[in-house]
Each structure stands twice: as C-alpha cells, then as structure tokens.
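Me: I have a structure open on my screen and would like to talk through how its side chains pack and pair. Could you go over it with me, one question at a time?

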Amino acid sequence: MSKKCLGCGIMLQDENVKTPGYTTSLDNDYCMRCFRLKNYGEYESASKDEKEFLEMLESINKTNDLVVYLVDALNIPEDLSIIRKRLHNKLLLVINKRDVLPKSVNDNKLIDYFKTRYDFFDDVIVISSEKNYNIDLLLSKIKYYETSKNVYIVGYTNAGKSSLINKLIKNYSESDRELTISPLPTTTLSTIHIDINDHLTLIDTPGLVDTSSLTNYVDTDELKKINSKKEIRPRTYQIKKGYSLIIDKYVRIDYVDGEKNSLTLYMSDSVECKKVLTDKHDDLMNLNKTEFNIHHNNDIVISGLGFIKATYKGKFNIYLDRKIKFFVRDNLI
C-alpha cells in the first residue's frame with residue numbers, strides 16, 4: 001500500500017537510498033531525509049524541476065478551491081500578479097513573518113500598499129506564524145472565503161508555509177502531526193493534505209523556487225545568518241556621491257550621483273554593513289556590475305537578503321552575483 005512521508009509529502013520507498021522518499025521500513029512515518037532533518041538538523045538537498053511546480057499550479061487552477069498565497073515580509077516577490085496568471089481561484093495574500101519587521105511598522109499601511117497595487121486579491125492579511133499573531137484572524141478569513149473544505153497553501157520556498165500549517169494544526173486540531181520545517185529550500189517535496197477538522201483540509205504544496213534568490217547559493221550557516229528569527233533593527237546610513245555601502249560579502253552599492261541621501265537597511269542584524277569611500281575600497285568589485293537610477297522614496301530589493309529604503313532619487317552602481325536578482329519598487333515602509 002502506498003504511503004506518503006508525513007514531513008515532506010513524498011511517496012515513501014525502501015528500495016533506493018539515493019532516491020527521495022527512502023526509508024528503512026515502509027512502516028515508518030517519515031523518510032530518512034525528514035527524519036535526519038527533524039532529529040539531527042541534517043539537511044540533504046533535493047532537486048525539483050520548475051515544470052513540476054507549474055503543473056501543480058495548473059492542477060490547482062482546475063479546482064474552485066480557495067488559495068492562500070504566503071509571502072515573506074522581508075522578501076516580497078517582485079511581481080505578485082504572476083500567481084494570478086496561473087490561478088483563477090479565490091486568492092488571499094498572507095504576509096508572514098510580521099515579527100521580523102520593526103514593531104513601529106503599521107499593519108494597515110502594509111495592507112493598503114498591496115491593495116492599491118494589486119486589485120485581484122480577495123483580501124490581504126498580515127501574520128506571524130512564529131508568534132501566533134493574527135492566526136485567529138486568518139482562520140476567520142479562510143472560513144469566509146473558502147469554497148470547499150480544501151484550501152491550498154502556496155508560496156515561494158522559505159515563506160513559512162509548513163510553519164503556518166503546523167501552527168494551525170496546534171491551534172485548531174487534535175492531531176499531533178507536524179510537518180518538516182527548515183530554512184532551506186525544497187523541504188516540502190509533494191502536496192500534503194492535513195485535516196484540521198471535519199470542515200477544513202489544508203493542502204501544503206512544494207515551495208516555488210526563486211532561482212534568483214540569494215538563499216539558493218549560500219551554505220546552511222549563511223542561510224541562518226540572513227534569515228532573521230527576531231525583530232530586525234533598521235540601520236540608516238547618510239550617504240553622498242562618492243561613497244559606497246559594502247553589505248557583508250553579498251553586495252556592494254556605489255552612490256554615483258545625486259543629492260545627499262539616506263539609505264536604511266531592512267535585513268538581518270547578523271548581516272554586516274560598512275560605509276566606505278568608493279575610490280578607496282575595491283571590495284566586491286569582482287561581482288557583476290549594474291547601473292541603475294531610483295526615484296524619490298524607492299526600495300532597492302536584493303532577492304533573498306532584504307531591502308534598502310532610499311529617500312531621494314539618485315544614480316547607483318550595484319555589484320552582485322549575476323545569479324542574484326535585484327529590483328526597485330516604491331517604499332514598502
């Protein structure tokens with residue numbers, strides 16, 4: 001009888017130790033990968049083809065079920081409309097990891113930011129699954145918008161889908177089941193159905209892989225460093241042309257032209273940053289260089305790392321690994 005791993009959703013098998021889903025016995029509830037991750041913190045990568053994720057979205061689109069689109073507050077994707085192009089279901093935007101943002105940030109302003117730019121979400125909610133913040137509100141929204149007992153949870157890797165579902169299980173279900181969670185990509189390998197009660201079944205899905213995110217190109221220790229687990233302290237640098245910000249070993253930003261500016265970093269406190277004279281330091285100049293301009297009140301977003309809030313317009317050079325994406329948007333905060 002076929003059986004799925006309770007941690008990642010992959011079909012269990014006991015024939016090939018090198019193939020995902022391997023377990024020493026089909027009587028076990030977890031594959032070896034999830035067992036080691038859960039008990040010893042050992043992570044083993046598992047490749048997933050983007051085609052599989054697109055096929056998964058296509059299958060969801062054939063249903064009329066509610067979809068919860070979960071995003072990381074520090075790493076909002078550049079274009080949220082991509083999800084609507086793939087799905088025509090009712091859609092809730094859920095901004096997770098509120099606990100990492102400064103307490104001074106206003107939730108209503110965050111919600112208005114997305115509602116004014118994306119009119120296709122049925123609702124927008126700000127939560128923290130880690131701190132159990134607004135989870136009751138989220139459940140009430142799910143009940144209000146659900147079209148059947150099945151509700152899909154989708155999002156990019158590391159948005160916190162499995163953590164959210166574990167919190168919902170703990171809060172509202174009598175089950176002692178727990179999904180495998182990790183800050184590393186591709187933890188969930190297949191869809192997982194979780195019955196919260198007789199009227200609600202949550203369906204966890206594999207994370208959509210953003211191949212342009214820094215999180216895919218760092219080791220475990222670095223990933224823990226850039227993924228903050230506590231409230232970040234924004235760091236502001238007054239900067240004028242001829243100066244640069246060196247952000248750890250990941251990115252260099254030269255201020256080429258413009259009036260005196262203010263740059264505020266919204267990223268993990270563990271990520272180091274220093275302001276230097278551009279022509280006196282050549283740190284990271286071996287990375288791929290891109291010239292760009294920003295307008296008043298723009299953010300510079302580095303995929304997987306966080307964002308930098310700028311106050312005034314200016315011309316910049318950014319040095320970044322060519323595999324990592326950056327983009328400019330209106331100030332989120």
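This is a predicted model: local features need pLDDT of at least 70, side-chain atom pairs count only at pLDDT 80 or more; totals for chains, interfaces and linings use all residues.

Me: Thanks! Which aromatic residue pairs with Y145, and is the pair stacked or edge-to-face?

Reply: The ring centres of Y144 and Y145 are 4.8 Å apart, with 85° between the planes. Planes over 60 degrees apart count as edge-to-face. The exposed member is Y144, with a relative accessible area of 64%. The partner of Y145 is therefore Y144, and the pair is edge-to-face.

Me: Which residues of helix α5 are buried, and why can they be said to line one face?

Reply: Y145 is one of the buried residues of α5, along with I135, L138, L139 and I142. As a general point, an α-helix has 3.6 residues a turn, so residues three or four places apart point the same way. Looking down the axis of α5, the buried residues fall within an arc of 140°, so they line one face of the helix. The names you asked for are I135, L138, L139, I142 and Y145.

Me: What covers that buried side, and which exposed residues does the face turned away from it carry?

Reply: The cover over the buried residues of α5 includes the strands β1, β2, β3, β4 and β6 (200–204), together with α6 (161–172). The face turned away from the buried side carries exposed residues, and these are D136, K143 and Y144.

Me: Which residues are joined with D123 into one salt-bridge network?

Reply: D123 also forms a salt bridge with K115, where the closest N and O atoms are 3.8 Å apart. K115 counts as partly exposed, at 43% relative accessibility. Salt bridges that share partners make one network of D123 with K115 and K141.

Me: How many salt bridges does the structure hold, and which residue meets K103 in one of them?

Reply: The structure holds 16 salt bridges. K103 is in the loop between β2 and α4, and E231 is in the loop between α7 (220–226) and β7 (235–239), so this pair ties together parts that are 128 residues apart in sequence. K103 is exposed, at 68% relative accessible area, and E231 is partly exposed at 29%. The total is 16, and the residue that meets K103, at 2.7 Å from N to O, is E231.

Me: Now for α4: which of its residues are buried, and what do they pack against?

Reply: D107, L110, I111, Y113 and F114 are the buried residues of α4. They cover an arc of only 150° around the axis, which puts them on the same side of α4. The face turned away from that side carries the exposed residues N108, K109 and T116. The buried residues pack against β2, β3 and β16 (326–330).

Me: Which members of the largest nonpolar core touch the most other members?

Reply: This core has 38 residues. Among the elements giving two or more residues to it are α2 (50–61), β1 (66–72) and α4 (107–117). A second, separate core of 29 residues includes Y237, I302, I318 and I324. In the largest core, the members that touch the most others are Y69, L80, I83, L93, I95, F114 and F121.

Me: F121 is in that list, so which residue's ring pairs with the ring of F121?

Reply: There are nine aromatic pairs in the structure. In this one the ring centres are 6.3 Å apart and the planes are at 70°, so the pair is edge-to-face.

Technical notes:
Residues are numbered from 1 along each chain as its sequence is written. Side-chain values use heavy atoms; hydrogens and water are left out. A nonpolar core is a set of buried Ala, Val, Leu, Ile, Met, Phe, Trp, Tyr and Cys residues joined through side-chain atoms within 4.5 Å. Buried means under 20% relative accessible area, exposed over 50%, partly exposed in between (1.4 Å probe, protein chains only). Helices (H or I, at least four residues) and strands (E, at least two) are DSSP runs, numbered from the N terminus. A salt bridge is a side-chain nitrogen of Lys or Arg within 4 Å of a carboxyl oxygen of Asp or Glu. Rings of Phe, Tyr and Trp (its six-membered ring) pair if their centres lie within 6.5 Å; planes under 30 degrees apart count as stacked, over 60 as edge-to-face and the rest as tilted. The arc is that of the directions from the helix axis to the C-beta atoms. Contact means heavy atoms within 4.5 Å.
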